[in-house]
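Subject: Structure for you to look at

Hello,

Here is the structure I promised to pass on.

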Amino acid sequence: MEPTVVDDSLLKVRSLHAKFPVYGPFGKILGAKAHVNAVSDVSFELKEGETYGLVGESGSGKSTTGRAILGLTPASGGEVLYRDRNVTAMTKEEMRNYRKDVQLVFQDPYSSLNPRKRIGQMLEEPLIIHRLGNREERQEKVFEILRIVGLQPEHYFRYPHEFSGGQRQRLGLARALIMNPKIMICDEPVSALDVSIQSQILNMLRQLQREFKLTLLFITHDISVVRYISDRIGIMYLGKIVEEAPTDDLFQEPLHPYTQALFSAVPDFTRSRLKERIVLRGEIPSPISPPSGCVFHTRCPFATDICKAEIPPMREVRTGHRVACHLVE
Ligand SMILES: Nc1ncnc2c1ncn2[C@@H]1O[C@H](COP(=O)(O)OP(=O)(O)OP(=O)(O)O)[C@@H](O)[C@H]1O
Ligand SMILES: [Mg+2]
């Protein structure tokens, strides 16, 4: 009998591109002079129930990738498939479900909370929009969600400014969770919090994930956070994923020189695995005119001629461990 191949990918991102116009001093009157290539040729998949960590320096295109998946930033190329349905080809009804199933949690939930609305009202709103339950059922749901994220029933009547940063992040999670999502895209959800609150939120997230069978796309620049939370990790540099592997595998043996440099900035890691700290020269280049060939060649200590000339393809060097580097055997 033919073995049945189980495709456990919930979301597929294929060769995604996203760019923003850059305007000169006269703005739109003279039209765009150039483009910021925020995301270029990014491909990865989210498997049901996993946490996929997307790591990279500031400006590497992590948030844009997350927003493009949701259609909040238009993609200029490539495709996003949810349960094998192309997001751009969805009917209105399918799109409504997609928007319900895939929720975004921001770094700073405060800026996305309406300051004039009480928390209860704010949490109930999406349920009204999606016509879920009657009044009583909706209220019950709001109280349940508050309890699940570790807040109190009396918080129902408070305003956003009456919460601490950690509590606000819980509100951000509550607002996403109330829709019963399948996927949560968490964009730096703990970066603004102090370390002890960070671990509380991360632990809660892991627990919620098990309880609700969530699939997480976890975006961060923090290596230790991503290591703690992720099953698999993609490393982003200047709009591209340069390496992808299961977490243990990646930390056991980072292959891309950029990943090595990123990890070597973590003191513990340098002591245990790498001989010395790799300090990158120069600044991250402008995404308006990214370097030719391998986008990392201008800062790579090992770059050779081929790196300047040819874009390295993504190759699978071990099961699930993919890397885009000419120098990796
Ligand atoms: N709306 C926009 N208009 C123009 N350029 C943008 C816009 N949003 C992002 N960019 C640019 O796209 C690039 C990628 O930005 P993005 O926010 O995706 O990075 P990031 O990896 O999330 O960074 P950070 O870690 O700082 O959040 C940056 O150069 C940024 O300036
Ligand atoms: Mg960001």
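**Around ligand 1**

Helix H1 supplies the largest share of the shell around ligand 1, namely three residues. Please bear in mind throughout that this is a predicted model.

H1 runs over 62–70, and strand S2 covers 32–47. Each of these two elements gives at least two residues to the shell around ligand 1. In total, 13 residues surround the ligand. The closest are Ser 58, Gly 59, Lys 62, Ser 63 and Thr 64. By class, the shell holds six polar, four nonpolar and three charged residues.

Which backbone atoms come within reach of the oxygen atoms of ligand 1?

- Gly 59: a polar backbone atom sits 2.8 Å from an oxygen atom of ligand 1.
- Gly 61: a backbone N or O atom is 3.0 Å from an oxygen atom of ligand 1.
- Ser 60: a polar backbone atom is 3.2 Å from an oxygen atom of ligand 1.

How much of ligand 1 does the protein bury? Taken alone, the ligand exposes 630 Å². The protein buries 61% of that.

**The overall fold**

The protein has 11 helices and 12 strands. Its C-alpha trace spans about 65 × 60 × 55 Å along the principal axes.

What radius of gyration would a compact globule with 329 residues have? It would be near 20 Å. The protein has 21 Å, so its value agrees with that of a compact globule.

**The largest pocket**

The largest pocket has a volume of about 590 Å³. It is lined by 22 residues. Closest to its centre are Arg 99, Gln 103, Leu 104, Phe 106 and Arg 175.

The lining of the largest pocket has 12 nonpolar, six polar and four charged residues.

**The second largest pocket**

The second largest pocket holds about 290 Å³ of space. Its lining has 15 residues. Nearest the centre lie Asp 41, Ile 241, Pro 312, Met 314 and Ala 324.

S2 turns up again here. S2 and strand S10 (240–246) are the elements that give two or more residues to the lining of the second largest pocket. S10 gives the most, with three residues. By class, this lining divides into 10 nonpolar, two polar and three charged residues.

S2 therefore deserves a look in two places, by the definition of the elements used here: it supplies at least two residues to the shell around ligand 1, and two or more to the lining of the second largest pocket.

**The cavity**

How many cavities of 30 Å³ or more are there? The count comes to one. About 60 Å³ of space lies in the largest cavity. Of the 13 residues that line it, the closest to its centre are Cys 294, Cys 300, Cys 307, Cys 325 and His 326. What classes make up the lining of the largest cavity? There are 10 nonpolar and three polar residues, and no charged ones. Cys is counted as nonpolar in that tally.

Best wishes

Note on methods:
Residues numbered from 1 in each chain as written. Chains lettered and ligands numbered in written order. Predicted model: local features only at pLDDT ≥ 70, side-chain atom pairs only at ≥ 80, totals over all residues. Heavy atoms only, no water. 1 Å grid on protein atoms, 1.4 Å probe; cavity = no way out; pocket = protein on both sides within 12 Å on 5 of 7 lines; lining within 4 Å. Points joined across faces, edges and corners; volume = space filled by probe spheres on them. Near = heavy atom within 4 Å. Polar contact = N/O pair within 3.5 Å; in protein donor to acceptor, adjacent residues only side chain to side chain. Areas by Shrake-Rupley, 256 points an atom, 1.4 Å probe, with all protein chains shown as cover. Helix = DSSP H or I, 4+ residues; strand = E, 2+ residues; numbered from the N terminus. Rg over C-alpha atoms; globule rule 2.2 N^0.38 Å.
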